[in-house]
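Subject: Structure for you to look over

Dear colleague,

Please find the structure below. My notes on it follow.

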Amino acid sequence: MLRPAPPPHGPPAYDDPRVIDQPITRVSRPRPGRRRSRGGTLTDHRAVPDGPTGPTSDAGSAARDLHAFIAGLPKAELHVHHVGSASPRIVSELAARHPDSQVPTDPEALVDYFTFTDFAHFIDVYLSVVDLIRTPEDVRLLTYEVARDMARQQVRYAELTITPYSSTKRGIDARAFMDAIEDARKAAEADFGTVLRWCFDIPGEAGLASADETVRLATDDALRPEGLVSFGLGGPEIGVPRPQFKPHFDRAVAAGLHSVPHAGETTGPETVWDALTELRAERIGHGTSSAKDPKLLAHLAEHRIALEVCPTSNIATRAVRTLDEHPIKEFVRAGILVTINSDDPPMFGTDLNNEYAVAARLLDLDEQGLAALAKNAVEVSFLDAAGKARIMDEIDTYTAAWLAP
Ligand SMILES: O=C(O)c1cccc(C(=O)CC[C@H]2O[C@@H](n3cnc4c(=O)[nH]cnc43)[C@H](O)[C@@H]2O)c1
Ligand SMILES: [Zn+2]
């Protein structure tokens, strides 16, 4: 059998009605007799063509094979934002609950709305979607539906970055907020087989008060949710020096959380150094500008500090000009552990499968290379050893079955 049967309590098949009860582009099943193909023919931005690229084109057929392989590949995602994962379907549902919102609900209008002039514009739009989340039930709906969208892409495990400050500041009770995400997490694992964990991030631009509140929510024994594994720092970097948050990261780390700040997304390598030395970063969100500093590249490789690379995000926020100028290849060449992520997928017109296809093209990967990328994410995740072993096995079994003659 080419597609391994899901374990008894494992993820449902992609065509399980629990996963596809809403409209979605169908993913392909592995088919018998698939052979290795190179990934170098995938096109830009939406990297994998949806339709045929030519009736007799071997390159087009290889790209479609790789597309199908990626669609069925079990994956882990380490850098993806909670509100930033609200698909048009979810946004529409939230907007229907709160009709006074300015956020368009029509998917075509949303494409325009989600076209950004720069990073600051992106944050403005992001916060308008945050304004749609007003009740604990909104929080639960968003979280559960995001997990459903992940399951459709064979995401087995995700560390979802949540900004609790933005919700408590808008009047949602902290206890009710934690209960809502935990309830959704447990239901999503039971219903979709997708395991979720949380990263609580400080919205840096909102200042030290937001950092105080975030670390309180993350470390207060009466509030801290079971699924919380890490502590982050998001929002704009320009004018928001990382070292000011050292006491907050020290507290979070002392409470057993892992440190995963964004750094080097819109500022230079010095911000990545600050994240390492001041915030004790174990992985770096983006880290794009690290490519400008050979010593930093060597340090990241030597200390096995993984980068959470989000290629399409970097284009959408104009942090990088074109995909072909993305430094991901330099990271791999330097020996850095690279993981592939979608960041804010509907806002950037992407999803995790598309990001893998982009990576395949930029790194010239075949199926085994893609499987290795997927395993990188599992390896540097904060999942327990048994959970990691289970997903690693699934990736190996799936890949071996795909490549079997
Ligand atoms: O919630 C507020 O009231 C508030 C006030 C001032 C500033 C902020 C923020 O800066 C929120 C930023 C928000 O953006 C999230 N995010 C999503 N994608 C990215 C990314 O690629 N790079 C950095 N931040 C990102 C982040 O999680 C923050 O929640 C909020
Ligand atoms: Zn991010």
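In which loop is the place of Arg280? Arg280 sits in the loop between helix H11 (269-277) and strand S7 (283-286). Helices (H or I, at least four residues) and strands (E, at least two) are DSSP runs, numbered from the N terminus.

Before the rest, two remarks on conventions. This is a predicted model, in which local features need pLDDT of at least 70 and side-chain atom pairs count only at pLDDT 80 or more, while totals for chains, interfaces and linings use all residues. Residues are numbered from 1 along each chain as its sequence is written, and chains are lettered from A and ligands numbered from 1 in the order in which they are written.

Positive phi angles

Arg280 is not a glycine, yet has a positive phi of about 60°. Arg280 is partly exposed because 16 other C-beta atoms lie within 10 Å; a residue is buried with 20 or more other C-beta atoms within 10 Å of its own, exposed with 12 or fewer, and partly exposed in between, with C-beta atoms placed from the backbone. Asp364, also not a glycine, has a positive phi of about 55°. Asp364 lies in the loop between helix H15 (352-363) and helix H16 (367-379). With 14 C-beta neighbours inside 10 Å, Asp364 is partly exposed.

Helix H6

Helix H6 (residues 136-152) has 17 residues and spans 25 Å from its first C-alpha to its last, close to the expected 24 Å. The expected span is 1.5 Å times one less than the number of residues. Of the 17 residues of H6, 13 are buried, so the helix is mostly covered. Just after H6, Gln154 has a positive phi of about 60°.

The sheet

Five strands form an open, parallel sheet in the order S1-S2-S3-S4-S5. Its edge strands, each pairing on one side only, are S1 (75-81) and S5 (258-259). Two strands pair if DSSP finds at least two bridges between them. S4 (residues 228-234) and S5 run parallel and are joined by two bridges. Ser230 stands opposite His258 in S5.

Ligand 1

Around ligand 1 there are 21 residues, the closest being Thr163, Ser166, Pro203, Gly234 and Gly235. A residue is near a molecule if its C-beta atom, placed from the backbone, lies within 6 Å of it. Helix H5 (119-130), helix H7 (164-169) and strand S3 (195-203) each supply at least two residues of this shell. H5 gives the largest share, four residues.

Regards
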